[in-house]
Every structure is written in C-alpha cells, then in structure tokens.
Protein chains: 2
Amino acid sequence: MDSTFVQACRRGSTSYTPVWYMRQAGRYLPEYRALRESHGILDICRTPELASWVTMLPVRRLGVDAAILFSDIMIPVAAMGVDLCIDPGKGPVIAEPIRSRVEVERLRPIEASRDLPFIAEVVEMLAADLEVPLIGFCGAPFTLASYLIEGGASRRFDHTKALMRDDPETWHELMRRLADAGIASLRAQVGAGASAAQVFDSWVGTLSPAEYEEHALPHSRRIFEALVGLGVPLIHFGTQTGELLELMRDAGADVVGVASGTPMDEARRRLGSGVALQGNLDPAVLLAGWDEVERAARDVIERAGAVPGFIFNLGHGVRPETDPDVLRRLTDFVHEETAK
Amino acid sequence: MDSTFVQACRRGSTSYTPVWYMRQAGRYLPEYRALRESHGILDICRTPELASWVTMLPVRRLGVDAAILFSDIMIPVAAMGVDLCIDPGKGPVIAEPIRSRVEVERLRPIEASRDLPFIAEVVEMLAADLEVPLIGFCGAPFTLASYLIEGGASRRFDHTKALMRDDPETWHELMRRLADAGIASLRAQVGAGASAAQVFDSWVGTLSPAEYEEHALPHSRRIFEALVGLGVPLIHFGTQTGELLELMRDAGADVVGVASGTPMDEARRRLGSGVALQGNLDPAVLLAGWDEVERAARDVIERAGAVPGFIFNLGHGVRPETDPDVLRRLTDFVHEETAK
C-alpha cells in the first residue's frame with residue numbers, strides 16, 4: 001500500500017496530513033554542522049555513505065512522513081563540466097559565468113551511470129533503510145540557468161533576463177540542456193528507488209507570467225512529461241510564485257508547492273481541486289515562540305481545508321537558527337490536529 | 001490647471017499617459033556618479049543646492065512628467081537619533097539594530113522645522129524652478145522597521161518577523177513612531193510645495209496578507225489618513241506585492257504602484273477602477289535591446305488599458321547600468337503611443 005505521503009500526493013484520502021520540511025537535512029542540525037567542519041557540501045553529496053547518513057538524520061528525530069535526498073541542485077550542473085563551488089553563506093559560485101552560445105555548447109550532456117554514479121548508490125542504500133518514502137529532486141532549468149548566467153545568487157537577474165530577451169536561441173539551448181540534465185538525474189533517482197520527485201524552481205518568481213510562459217514553462221513541462229511514465233508523484237516548487245501558480249500547475253506536476261506569501265486557501269482557489277498542494281508555513285515563524293508556531297500552523301491547516309491532497313511543509317527551507325525540537329513538536333502537532 | 005501627472009493620479013482623462021521613473025535621479029547618470037565621488041548620499045540629501053541639482057538632472061534630459069525629490073527614506077530615521085550610513089552597494093547600515101522596547105523608546109519624535117530644515121528648503125527651491133510637479137516621499141513604517149531591526153538590507157526578515165510576533169507591543173510602538181516620522185516629513189514636503197507624495201514600502205512583500213493586515217496596514221493607513229487633507233495625490237508602492245495589492249489599496253492612497261511581477265491587467269482586475277495605477281515595466285528590460293524595450297513597454301500600456309488613471313513607470317528603480325538615452329527614448333515612446 002502506498003505511504004501516507006504518496007497517497008496525499010495522489011489526492012487520496014489519508015488518516016492524517018503528512019509532513020516533511022524543505023532542508024530538513026541541513027544546518028539547523030548540530031550533527032550536520034559537525035560533519036560540515038570536515039567535509040564540503042559537494043563532497044557529502046558525492047559520498048553515498050555520508051549523503052545517506054545526512055538524509056536519515058532528521059527522519060526519526062522529526063517524525064516526518066518523507067525523507068528528501070541530501071544533494072544539491074548544482075550536482076548535475078557540475079557533472080556537465082561547469083567549474084563551481086558552494087559557498088555556505090552565498091550558495092553556488094560559478095567560476096566562469098555562461099552567457100554565450102559557445103559557452104552553452106561546451107556544456108556536456110550527462111549520462112547518470114557514468115557522471116552521477118553516486119546518486120543511484122545513495123538512493124539504493126536509502127530505499128533499503130528508510131521507513132518512509134524518499135523524495136528525489138532536481139533544479140528547474142530557469143533556476144539553474146540563473147546561477148550559471150549570473151555567476152551565483154542574484155537579487156535582480158539582470159544578466160539572465162538580458163540573455164533571455166536578447167538571444168532567445170542561446171537561452172533555449174541552455175534551458176534544453178539543463179532540462180536534459182534534470183531528467184537524467186531524476187530518472188536515476190527514481191530508477192534506484194525514490195518514491196517521488198520534486199523540481200525546485202526557487203527563483204522563478206522573478207519572472208512575470210508572460211515571461212514564464214515563454215521562456216521557462218516549456219522546459220519545466222518537458223521534465224514532467226519525461227517523468228510522468230515513471231509512476232511516482234511529481235512536485236513543482238518555487239518562491240514568490242503567487243502570479244505563476246496556475247502556469248506552474250499546467251507544467252504537469254501532481255503537487256504544487258506553495259511558498260509562504262500566498263495563503264493556502266487562495267492557492268486552492270486559483271489552482272482548483274485537480275492538483276495536490278504542499279506548503280506553506282513561513283520558516284521565520286519557527287524562530288518565534290511555540291504559541292505563534294502553533295497559531296500559524298493551525299492557520300495553514302485551516303486554509304488548506306478539507307480537500308484531499310495536502311502535504312504540510314514550510315514555504316521555503318528551514319532556517320539554520322531553528323531549534324530541532326520545535327520542528328519535532330510541529331510534526332506531532334500537525335499529525336494530531338489533522339488525525340481523523 | 002493640474003499637470004498631466006496630477007490629473008492621471010486623480011483618474012482624470014489626459015491627452016497622453018504621464019511618465020516618471022523610480023530612481024530617475026541616480027547612479028545611471030554620469031553626472032550623479034561624478035558628484036558621488038566627492039559627496040556621500042546623506043550629504044547630498046542634506047544640502048539643498050545639491051539635492052535640488054540632482055533632482056533636476058533627469059527631468060529635461062528624460063522628458064519625464066514629474067520629478068521626485070532626491071532624498072533617502074532613512075533621512076527621517078537618522079533624525080530620530082539612529083546612527084546609520086548608506087552603503088552604496090548594500091543600502092542602509094544601522095550601527096546598532098533596534099530590537100527592544102528600551103531601544104524603541106530612545107527614538108526621538110521629529111519636528112521637521114528643527115530636525116529636517118533642509119527638506120523644506122530644497123522643496124521650495126524645486127517648486128520654484130521645476131516645470132513639472134515634484135513628488136515627495138517617505139518610507140513606509142514596515143520597510144523602515146525592517147532596516148532598523150535587521151541592521152540593514154535583508155532577504156529573510158527573520159528578526160523583523162520575530163519581533164512582530166513575539167513582542168507585538170514593542171513592534172506597534174516602533175511602527176507608530178516611524179509612521180509619525182513619515183507624516184512629519186511628508187507634511188514638510190507638501191507644505192513647501194510638493195505636488196504629490198509616494199510612500200515606499202519596498203520590502204513589505206515578505207509578509208503574507210494576514211500578517212500585513214495585522215502588523216503593517218494600520219500604520220500605513222494612518223500616514224495616508226494624516227495626509228489626505230493636504231490635497232495632493234498619494235501613491236503607495238511596494239515590490240512582490242501581488243498578494244497584498246487589495247490591502248494596500250485599502251490603506252487609502254489615490255494611486256497604487258504595481259511592481260513588475262504582477263501584470264497590469266491583473267492588477268486592474270484585482271483593484272477595480274476606483275484607484276489609479278502606476279507601473280510597471282521591468283527595469284531589467286532596459287538592459288536589453290530597444291526592440292525588447294518597445295515590445296515590453298507596449299505590453300504594459302496595453303495591459304493598463306483605457307481606464308483613466310494610469311502613470312507609466314518602472315516596476316522598481318532604474319538599474320545603475322541603464323543607458324540614459326534608452327530612458328529618454330522610452331519616455332517619448334510612451335508619450336507618442338498613448339497620445340490622443
């Protein structure tokens with residue numbers, strides 16, 4: 001029988017609302033911080049024993065209904081031949097930003113068994129050990145492209161938008177290659193035992209709906225179309241996406257992840273009942289006192305309503321300053337509050 | 001007779017759509033950059049001759065229908081006794097962040113004639129010299145509070161949200177004092193001859209509608225209520241505000257500024273015809289070729305539609321890399337395209 005998490009993704013009725021947290025395997029955990037003193041993020045991702053250990057770390061402790069593979073959206077991009085590192089404070093840093101056709105054509109297509117062998121290894125280990133489903137993931141082409149073009153994290157995305165507008169052929173070629181990499185990586189993850197797959201388009205909220213539809217949606221849609229035959233639920237997430245939710249749904253995922261800015265009832269109104277929703281407690285709330293956490297979590301649950309197909313999550317990743325005990329208490333609260 | 005700009009703010013019919021640009025007096029202008037080599041931003045704001053010169057700089061060159069006072073939203077905050085500077089790259093930097101009741105109570109109420117004498121001086125000079133209306137402005141309490149609490153610019157606003165939630169009395173006291181400062185500053189600007197006033201709530205998009213309604217809206221509303229009797233149009237602007245537009249309208253401004261993420265037709269649909277709209281060309285478009293600029297500007301104009309009450313602007317400030325000649329061409333394009 002499917003797990004509660006997978007049932008909820010498929011809009012089946014469940015005996016309680018399943019819970020997991022974006023970045024649940026991350027810096028807020030002291031054991032993770034200790035490991036990071038001696039190992040870089042990309043090292044951990046590429047060492048199956050370590051990635052497996054980190055992935056498992058929060059599962060029992062927080063009582064969550066799903067694990068998410070410890071990895072980084074830039075892992076497939078590095079395998080394409082891009083020289084990059086992950087700065088713990090700033091995120092991905094690209095040695096030489098990619099802004100021309102020649103640079104795009106230098107990106108190598110990846111073959112997962114050759115270029116990402118550690119992914120199947122860690123997923124197989126986890127699928128054997130975990131008592132809950134494992135979520136695989138990849139970065140959406142737009143978000144990956146923005147890192148490559150800007151050279152790292154950006155507030156403004158000026159270079160990205162300039163390439164998109166001034167050289168659409170190069171843009172679409174870059175997006176195609178990044179979508180291919182995402183497909184290869186997700187196929188490997190699902191092939192090795194992942195029970196669901198999430199596509200992270202974290203920064204896509206910088207686009208207007210018209211820009212999204214023309215420059216990003218076709219490539220994200222291609223990822224979902226390529227994966228739909230694998231038989232696992234597909235989740236589509238971004239931040240600042242209030243104006244884009246309908247288009248993101250139309251890309252073809254089973255579940256739309258809603259960021260904190262859009263109230264869950266409003267998301268449901270816009271998206272209808274034909275898709276499951278995931279979200280969307282503001283991770284900043286977890287730094288307030290428990291009364292506020294409970295009040296805000298209850299608000300999310302109430303706004304999500306009684307429509308089948310809801311997965312409780314945060315609206316973005318867990319903050320490093322979060323107390324793990326608060327997350328544990330939150331999981332229990334959501335389970336009790338929604339128990340039938 | 002009222003200027004085209006003021007008529008449009010009042011939803012009167014105009015013979016063309018008026019245009020101005022947020023940060024039209026800024027770093028994209030070589031003359032401004034040259035002045036900045038010898039003068040700090042706050043120095044310029046506090047020296048009427050310089051602030052006047054900078055305010056005038058783009059008006060004829062760009063052919064815009066309104067000037068906006070060269071100043072900084074932190075000027076009244078500094079006058080309240082806060083030790084701060086403006087880092088050209090990072091924005092305001094607060095020497096000692098404000099997070100407790102005691103620190104809030106140390107903020108001095110301001111009296112414009114005593115604490116901001118240069119504001120009336122520069123506005124009087126400009127009102128005498130300008131051929132177009134002058135827009136005064138202040139920062140909205142939420143955005144000012146976020147700088148004070150975080151110590152500077154933020155992506156996450158965790159400290160701000162923690163104070164808001166864990167100590168609402170201190171939060172509201174801080175917001176009241178910042179609203180009072182905004183009111184004092186805008187009264188001085190309008191009293192000295194400003195023809196309109198814009199309240200910048202640049203970072204308010206980090207709040208959900210429920211949070212905005214409880215923690216920010218009452219204080220912004222108080223500013224508009226205090227100013228409505230002055231007889232000049234009031235404009236209310238923020239970014240990432242798609243989910244907040246209706247509430248921002250309800251704060252009482254005559255004009256709602258729409259950021260780039262929300263298409264203008266969608267903003268009109270949400271806000272109805274009882275308010276004027278301002279916006280919202282993505283400033284990143286100005287870094288693309290002219291064909292793209294024209295296409296995007298036409299799209300904004302078409303989406304704004306034929307409802308009276310539209311002011312063409314950008315969705316956020318002009319980027320420093322922008323070519324002034326492109327802005328000039330854009331002004332002319334909008335004027336010609338909308339001429340009746």
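Q: In strand E4(A), which residue is the bridge partner of Ile68(A)?
A: This is a predicted model, in which local features need pLDDT of at least 70 and side-chain atom pairs count only at pLDDT 80 or more, while totals for chains, interfaces and linings use all residues. Residues are numbered from 1 along each chain as its sequence is written, chains are lettered from A and ligands numbered from 1 in the order in which they are written, and side-chain values use heavy atoms, with hydrogens and water left out. Strand E1 (residues 67–68) of chain A runs parallel to E4(A) and is joined to it by two bridges, strands being DSSP runs of at least two residues and helices (H or I) of at least four, numbered from the N terminus. Within E4(A), the partner of Ile68(A) is Ile135(A).

Q: Which residue of E5(A) does Ile135(A) stand opposite?
A: E4(A) pairs in the parallel sense with strand E5 (residues 196–200) of chain A over five bridges, where pairing requires that DSSP finds at least two bridges between two strands. In E5(A), the residue opposite Ile135(A) is Ala196(A).

Q: How many of the six residues of strand E8 (residues 276–281) of chain B are buried?
A: Buried means under 20% relative accessible area, exposed over 50% and partly exposed in between, with a 1.4 Å probe and protein chains only. Strand E8(B) is largely enclosed by the rest of the structure, because the number of its six residues that are buried is six.

Q: Which residue of E9(B) is the bridge partner of Asn280(B)?
A: E8(B) and strand E9 (residues 310–314) of chain B run parallel and are joined by five bridges. Together with helix H16 (residues 290–304) of chain B, these strands make a right-handed β-α-β unit, right-handed meaning that, with the strands pointing away from the viewer, the path from the first strand over the helix to the second runs clockwise. In E9(B), the partner of Asn280(B) is Asn313(B).

Q: At what angle do helix H10 (residues 158–166) of chain B and helix H11 (residues 168–191) of chain B pack?
A: Axes are lines fitted to C-alpha atoms, for helices over the stretch in contact, and angles run from 0 to 180 degrees between N-to-C directions. The axes of H10(B) and H11(B) lie 5 Å apart, and the helices pack at an angle of about 115°.
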